[in-house]
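Hi,

Here is the model I promised to pass along. Have a look, and my notes follow below.

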Amino acid sequence: MYTFDSLTVPEPQESLDHYIKRLRKSLKMSQQQVSSAAGIHLQSLGKLERGKTTRLNEKTKKGLAIAFNIPEEYLDAVVSGLPVEGVQKKQYCPQCWKGGNNPDPSWTLPRAKYCLLCGTQLRCSCIRCGEPIASFKHKFCPHCGIPYAQLSQNKS
Ligand SMILES: [Zn+2]
Ligand SMILES: [Zn+2]
């Protein structure tokens, strides 16, 4: 399970070397600690942090995601230069999400189907009108005006 922390979300246009270094510093980890947690060579990590490597193979990506406790999709976003929203699925848990704030990162993974916190099936559209969620910044459904927070209460 991911602990949500907005610091772990890549900044727009952030480079891979900058992102990895920033995460490592924010976790107060040494290169040694990160490379062993990620199961990659210290040298490979060094190359990444110096911007010598700009692509990640599956193993490195998985390893770094585990070491930094972030979804692999964040790394995809940085490598591809797309905003995180571009690789995120706009899904939410009708039980846990109250609207207007960031979703739990585990909901937005392309493969996620159920909430990791409560097991409820994730939804990507308004329960009342069926329109897709346009933005997690909204507190209300822009189409039918229902507060997203209310959806969870109405449901059970
Ligand atoms: Zn939930
Ligand atoms: Zn609606």
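Let me start just after H2, where Gly39 adopts a positive phi of about 70 degrees. Helices here (H or I, at least four residues) and strands (E, at least two) are DSSP runs, numbered from the N terminus. This is a predicted model, where local features need pLDDT of at least 70, side-chain atom pairs count only at pLDDT 80 or more, and totals for chains, interfaces and linings use all residues. Residues are numbered from 1 along each chain as its sequence is written, while chains are lettered from A and ligands numbered from 1 in the order in which they are written.

The protein chain has seven helices and zero strands. Back in H2, the residues Val34, Ser35 and Ala38 are buried (20 or more other C-beta atoms within 10 Å of a residue's own, with C-beta atoms placed from the backbone). They sit on the same side of H2 because they cover an arc of only 95 degrees around the axis, taking the directions from the helix axis to the C-beta atoms. H1, H3 and H4 are among what covers them.

Terms used
Buried ≥ 20, exposed ≤ 12 C-beta atoms within 10 Å, placed from the backbone. Contact = placed C-beta atoms within 7 Å.
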